[in-house]
Amino acid sequence: MRRALEALEGIFAEERFSPLEIDRTIIFEMVDNAAAVLLAPALPALTERAPKLKIRIRPAAGLTLENLWDGTTNLAFGFDIDRELPGDIQSATLFKSRHVAVMRRGHPLLNHPSVKAGIPVGAKVLAPYPYISISMPQWRSLRNIDLAWRAENPSPVRIETPYFLSMPYLLAQSDAYALLPREGAELLSSHLPLAILETDPADIRGWNPQIIWHRRNNADFALQWVRSEICLWFKKHPPMNPEMMLEDENRHR
């Protein structure tokens with residue numbers, strides 16, 4: 001009876017967890033843009049409360065689900081936007097944003113009448129110029145994934161690259177343009193001579209980054225805390241003005 005009562009008391013015992021106790025390496029899977037605009041901003045808040053936390057970044061190479069299933073990846077940013085996640089993979093959207101057009105300063109497109117009038121650029125305006133495509137790895141599909149265009153890309157593709165942070169150098173000496181998530185584009189343009197143009201949501205997708213994990217990790221207090229802190233950071237510091245988000249949604253409707 002005593003053992004039975006102790007077992008019952010254990011059911012209702014409160015588990016105590018402190019981030020100070022995290023002394024392990026958390027393995028993230030992501031592309032270079034995610035490391036710069038999703039992980040880096042939240043990192044100071046993580047390391048301040050969990051000073052022994054260590055992070056290892058592994059590249060996204062098209063096996064995200066398999067790596068989550070076998071536990072070699074703990075958390076990942078992003079997945080194929082055209083596929084649903086399996087039932088045992090869970091996700092949380094960090095914020096809602098947009099893809100924008102990026103080009104060198106002095107690009108001839110900046111003199112287009114619609115650009116000067118402040119009209120967001122779409123397929124018709126962008127079509128005459130060469131395109132540098134961000135091509136994500138194949139998630140067991142037959143093609144690389146261009147994250148930005150809603151339909152077929154109207155421009156001639158000059159370069160395909162999986163590296164977001166290579167874009168300024170590929171754009172610098174040409175009349176090509178790229179479509180990048182707003183936060184990454186703003187980060188790059190703050191250091192390098194790039195121009196950013198708003199895009200027409202009828203032609204170009206939004207960008208709603210998410211963090212994903214395997215359901216088994218719900219019982220891991222350290223992983224639960226890390227992902228909740230990242231989500232909380234972006235809830236407190238949303239990159240995009242909510243009024244602008246609503247305006248974009250209304251325009252797309």
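Here, buried means under 20% relative accessible area, exposed means over 50%, and partly exposed lies in between, with a 1.4 Å probe and protein chains only. This is a predicted model, in which local features need pLDDT of at least 70, side-chain atom pairs count only at pLDDT 80 or more, and totals for chains, interfaces and linings use all residues. Residues are numbered from 1 along each chain as its sequence is written, and side-chain values use heavy atoms, with hydrogens and water left out.

**View 1. Ala-34 sits in helix α2 (residues 32-49).** Helices (H or I, at least four residues) and strands (E, at least two) are DSSP runs, numbered from the N terminus. Ala-34 counts as buried because its relative accessibility is 5%. Leaving aside residues up to four places away in sequence, Ala-34 touches Leu-39 and Phe-77; a contact means heavy atoms within 4.5 Å. Look also for Pro-181: this residue is 147 residues from Ala-34 along the chain, and their C-alpha atoms are separated by 10.0 Å.

**View 2. The largest cavity has a volume of about 40 Å³.** A cavity is a set of points on a 1 Å grid over the protein atoms alone where a 1.4 Å probe fits but cannot get out, and lining residues have an atom within 4 Å of a point. Grid points are joined across faces, edges and corners, and the volume is the space filled by probe spheres set on the points. The lining is made of His-99, Tyr-131, Ile-134, Asp-146, Leu-147, Ala-148, Phe-164, Leu-179 and Pro-181. Strands β6 (131-136) and β9 (178-181) are the elements that give two or more residues to this lining.

**View 3. Helix α7 (residues 182-189) is largely enclosed by the rest of the structure, because 6 of its 8 residues are buried.** Those buried residues are Arg-182, Glu-183, Gly-184, Ala-185, Leu-188 and Ser-189. Across the protein chain, buried residues make up 44% of the 253 residues.

**View 4. Confidence is lowest in helix α9 (residues 242-252), at a mean pLDDT of 47, and highest in strand β10 (residues 194-197), at 97.** pLDDT is the predictor's confidence in each residue, from 0 to 100. Over residues 242-246 pLDDT stays under 50, and the model has 3 contacts for them beyond four places in sequence. Where pLDDT is low, the predicted coordinates should not be read in detail. For the protein chain, the mean pLDDT is 87, and 84% of residues reach 70 or more.

Technical notes
On a 1 Å grid over the protein atoms alone, a cavity is a set of points where a 1.4 Å probe fits but cannot get out, and a pocket is an open set with protein on both sides within 12 Å along at least five of seven lines; lining residues have an atom within 4 Å of a point.
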